[in-house]
Amino acid sequence: MEIIDPKAEAYAGRYTSPEDALLQEISATTQASHAHAHMLSGHVQGKFLEMISCLLQPRRILEIGTFTGYSALCLAKGLLKDGKIHTIELREEDASVAQANFNRSIDAGKIILHVGNALSIIPGLNETWDLVFIDADKVSYTQYYQLVLPLVRPGGLILADNVLFHGQVLQQPVTGKNAKAIQAFNEYVQQDVRVDKVLLTIRDGLLMIRKK
């Protein structure tokens with residue numbers, strides 16, 4: 001199911017500030033060579049992540065799910081001078097590609113890449129997060145959320161990607177392991193009185209969550 005009309009998506013891109021040269025290259029290379037290129041945040045969503053980061057001016061960002069590094073580079077643009085983004089990737093091959101991309105960025109010194117299981121890595125980081133971006137395995141979304149929310153400062157943000165999951169959460173009944181997990185996550189956050197939230201129909205759905 002197509003959530004957004006491709007013409008509307010192309011129109012949005014036309015009126016969105018362009019990607020920088022590095023992001024354009026990462027996007028093109030990922031689209032051309034990666035079997036799961038649809039996982040890339042892409043132009044419009046990437047610019048949204050950048051603008052949220054620039055507005056928030058975070059000192060510490062956590063990204064769960066690095067892929068080839070596109071979204072981390074977008075988020076890094078809003079970091080304070082002494083800020084850091086910790087990004088976690090399970091797959092070593094994708095992590096290697098991402099690190100090579102980070103090394104070419106002016107923000108390379110602000111990006112710390114961890115390889116492994118995020119549920120194991122996050123407790124050892126000992127940080128208070130201003131901004132968290134969740135974009136990893138869908139079955140673990142609720143666990144990621146439960147783990148990071150106590151570590152987010154009051155007024156901080158969590159952004160969760162793919163919360164429409166290709167339109168599968170709109171079907172009744174919801175079927176498939178990942179779609180069921182996303183539906184359960186959306187329901188869990190909706191009932192959580194510790195946060196305000198808004199589900200945005202950007203790309204495959206972004207849930208913006210602000211800790212009270």
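This is a predicted model: local features need pLDDT of at least 70, side-chain atom pairs count only at pLDDT 80 or more; totals for chains, interfaces and linings use all residues.
Biologist: Does threonine 68 count as buried or exposed, and why?

Modeller: Buried, because its relative accessibility is 3% and the cut-off for buried is under 20%.

Biologist: Which side chain does threonine 68 join in a polar contact?

Modeller: That of threonine 30, at 3.1 Å.

Biologist: Switching to the sheet: what is the order of the strands?

Modeller: The order is β3-β2-β1-β4-β5-β7-β6, in an open sheet of 7 strands with mixed pairing. β3 (111–115) and β6 (195–200) each have a single partner strand, so one side of each lacks a neighbour in the sheet. From one strand to the next, the twist averages 15 degrees.

Biologist: In what sense do β1 and β4 pair?

Modeller: Parallel, over 4 bridges, with β4 spanning residues 129–134. Leucine 62 stands opposite valine 132 in β4.

Biologist: Nice. Which strands does α8 touch?

Modeller: β5 (152–161), β6 and β7 (206–211), and the direction of α8 makes about 30 degrees with that of β7.

Biologist: How do the axes of α7 and α8 cross?

Modeller: At roughly 30 degrees, coming within 8 Å. Tyr141, Thr142, Tyr145 and Gln146 in α7 meet Ile182, Ala184, Phe185, Tyr188 and Val189 in α8. By class, that contact has 7 nonpolar, 2 polar and no charged residues.

Terms used:
Residues are numbered from 1 along each chain as its sequence is written. Side-chain values use heavy atoms; hydrogens and water are left out. Axes are lines fitted to C-alpha atoms, for helices over the stretch in contact, and angles run from 0 to 180 degrees between N-to-C directions. Helices (H or I, at least four residues) and strands (E, at least two) are DSSP runs, numbered from the N terminus. Contact means heavy atoms within 4.5 Å. Ala, Val, Leu, Ile, Met, Phe, Trp, Tyr, Cys and Pro count as nonpolar, Asp, Glu, Lys and Arg as charged, and the others, Gly among them, as polar. Buried means under 20% relative accessible area, exposed over 50%, partly exposed in between (1.4 Å probe, protein chains only). A polar contact is a pair of N or O atoms within 3.5 Å; within protein, one must be able to donate a hydrogen and the other to accept it, and residues adjacent in sequence count only if both atoms are side-chain atoms. Two strands pair if DSSP finds at least two bridges between them.
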